[in-house]
Amino acid sequence: MPPTPPDEALIAGEWRRGAGTASVTVDPATGQPLATVHGVTVEEVAEAAEAAARAAADPRWRELLPHQRARLLTRIAELIDDGAEHLAALQTADTGKSINETRALVASAAGTFRYTAAALETAEESITPARGAYLTMSVYEPIGVVGAINPWNSPVASDAQKLAPALAGGNAVLLKPAEWTPLVSLALGRMVSRALDELGLPAALLAVLPGRGSVIGDAIVRDPRVGKVTFTGGTSTGRTLAHAAADKLMPVSLELGGKSPTVVLADADVEQALAGVMFGVFSSSGQSCIAGSRLFVARELYDDFVGELVERVRKLRVGPGTDPATQVAPLVHHKHRDSVAAYVDLARSEGARVRCGGTVPEGEAYADGAYYLPTVLDGLSNDARVCQEEIFGPVLVALPFDDEDDLVDRANDSVYGLACGIWTRDHRAAWRIGRRIDAGTVWINTYKQFSISTPFGGTKDSGLGREKGRDGIRAYQRQKSLYWGTSAAPLPWAN
Ligand code: NAP
């Protein structure tokens with residue numbers, strides 16, 4: 001176990017113990033406590049917001065040109081690289097995720113800061129076509145203070161996806177990690193603090209504010225100094241937050257839940273599809289917003305494909321995240337494991353056949369951890385609750401389909417619209433189906449691949465707005481238009 005960071009939050013530029021409710025984070029592989037984290041109070045949120053507003057307006061930050069701001073992001077990326085093994089081990093301990101995955105997430109976090117630095121240096125503002133005796137320009141300015149609220153499933157990556165563009169946009173950030181997994185955000189906060197200090201920038205440009213979402217998250221959203229909130233989490237929380245934002249007429253970006261269809265057409269490369277379907281739903285133990293949790297297989301292929309899939313799923317290696325051989329690690333928390341188990345019980349009561357899994361693994365090695373076996377269900381129709389609701393665990397529901405219209409109707413019969421996977425050798429069918437599916441991202445003959453340079457986000461109840469890509473920074477800025485008169489003639493007055 002690496003040393004966990006001292007039990008301090010970053011409030012108003014100062015590392016100190018929060019005066020709020022203490023909570024104990026637990027290693028989900030062992031059930032053992034990792035650290036006691038003292039959350040902040042609502043008053044400390046206000047203090048942090050006030051300091052952040054001052055930091056955002058501080059000329060040392062406000063007057064930096066984009067290429068100068070980019071230096072901060074590059075330095076943070078270097079510090080992440082230097083501390084990569086520590087961050088990965090800490091995230092494995094706090095979230096249970098496999099070490100292979102957390103190493104990849106840490107590398108992607110550093111990549112996010114680097115990419116955003118490059119995007120910032122090369123972002124252009126525009127001179128728009130003039131329609132009179134003036135020059136028209138469109139420029140972008142910081143919002144001021146941004147609230148960033150993240151879930152527990154991939155803290156280092158989701159923190160980076162919010163911090164990098166928000167800082168690049170010239171803002172200060174109040175970051176609230178999930179109560180179950182605050183340790184990585186606190187460790188990343190230390191790195192950002194160090195980079196700010198080295199570059200002589202205001203320390204309060206970042207606050208890391210642990211605490212319960214309904215209290216501390218809510219206080220961030222409602223604070224009058226916060227001009228935008230960027231949120232990743234569940235749809236019902238996102239909706240609550242959007243209501244609060246509406247009262248302030250404040251923009252929000254929402255990255256929410258999913259129930260993504262993966263489609264296997266009759267002509268698919270079966271080997272590739274089997275591996276892709278398993279990785280798409282069971283990596284991260286299914287705790288991924290884009291998990292391909294509904295599997296639609298062409299009826300003529302269905303029995304063979306699902307039969308072989310079940311055989312292979314039974315062989316997936318379930319174990320602690322610290323073992324590099326592990327494929328399915330424990331879930332984030334025992335309470336969450338129980339919620340996943342309850343969904344499988346619900347599926348049984350809805351008439352599902354449990355083709356594999358459907359229980360906790362046996363054996364002493366698993367006794368204290370939040371483990372659940374990778375599970376394949378079938379025999380249900382798409383309106384069953386386990387086909388409609390996000391389980392956020394290692395549970396796949398398989399369904400046969402008859403033709404393309406039937407497939408598209410049922411794949412789209414969901415409140416969610418986050419992602420979709422299509423396995424086929426027919427590029428025309430892939431194009432047709434990919435364009436007809438309601439989803440922010442469609443993977444064709446691959447799944448769960450991510451690139452910081454490609455915009456990401458959901459439709460329907462899966463969210464609002466896009467993260468990543470060159471325009472990701474613009475989501476953290478206000479656009480301003482300037483008209484600059486070029487004629488010496490007086491303006492015409494009516495008549
Ligand atoms: P959650 O319960 O919605 O919590 C997300 C964050 O919001 C946590 O930090 C939580 O704090 C905070 N929060 C809770 N109530 C709040 C309120 N009233 N006001 C402000 N903040 C509040 O979600 P989760 O269970 O942690 O995460 C799983 C969900 O995230 C899944 O639905 C998953 O699909 C989604 N997700 C989406 C994406 C995407 O990019 N689309 C990526 C990853 C995850 P506490 O936890 O401390 O209470």
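**Close-up views of helix packing and sheets**

**View 1. In the contact of α3 with α5, Pro66, His67, Arg69, Ala70, Leu73, Thr74, Ile76, Ala77, Glu78, Ile80 and Asp81 of α3 meet Val106, Ala109, Ala110, Phe113, Arg114, Thr116, Ala117, Leu120 and Glu121 of α5.** Contact stands for heavy atoms within 4.5 Å. By class, these residues comprise 12 nonpolar, 3 polar and 5 charged. Ala, Val, Leu, Ile, Met, Phe, Trp, Tyr, Cys and Pro are counted as nonpolar, Asp, Glu, Lys and Arg as charged, and the others, Gly among them, as polar. Please keep in mind that this is a predicted model, in which local features need pLDDT of at least 70 and side-chain atom pairs count only at pLDDT 80 or more, while totals for chains, interfaces and linings use all residues. Residues are numbered from 1 along each chain as its sequence is written, and side-chain values use heavy atoms, leaving out hydrogens and water.

**View 2. Here are the axes of helix α3 (residues 66-82) and helix α5 (residues 99-122), which come within 8 Å and cross at roughly 165°.** That angle makes α3 roughly antiparallel to α5 (angles under 35 degrees count as roughly parallel, over 145 as roughly antiparallel, 65 to 115 as roughly perpendicular and the rest as oblique). The crossing of α3 and α5 is left-handed, a term for a near helix turned anticlockwise from the far one by less than a right angle, with clockwise being right-handed. Axes are lines fitted to C-alpha atoms, for helices over the stretch in contact, and angles run from 0 to 180 degrees between N-to-C directions. Helices (H or I, at least four residues) and strands (E, at least two) are DSSP runs, numbered from the N terminus.

**View 3. Helix α4 (residues 84-95) and helix α7 (residues 183-198) cross at roughly 160°, their axes coming within 8 Å.** The two, α4 and α7, are therefore roughly antiparallel to each other. On the α4 side, look for His86, Leu87, Leu90, Gln91 and Asp94, which meet Leu183, Val184, Ala187, Leu188 and Met191 in α7. This contact of α4 with α7 has 7 nonpolar, 2 polar and 1 charged residues.

**View 4. An open sheet of 7 strands shows mixed pairing in the order β14-β15-β16-β13-β12-β18-β19.** Two strands pair if DSSP finds at least two bridges between them. At the edges stand β14 (353-356) and β19 (441-444), each with a single partner strand, so one side of each has no neighbour in the sheet. On average, neighbouring strands of this sheet are turned by 25° against each other, direction ignored. Strands β13 (residues 294-298) and β16 (residues 395-401) run parallel and are joined by 5 bridges; Ala298 has Phe401 in β16 as its bridge partner. Helix α10 (residues 270-282) lies across β12 (261-264), β13, β15 (375-378), β16 and β18 (419-423), at about 135° to β16.

**View 5. An open sheet of 3 strands, in the order β5-β6-β22, has antiparallel pairing.** Its edge strands, β5 (126-128) and β22 (477-485), each pair on one side only. For Thr128, the bridge partner in β6 is Thr136.
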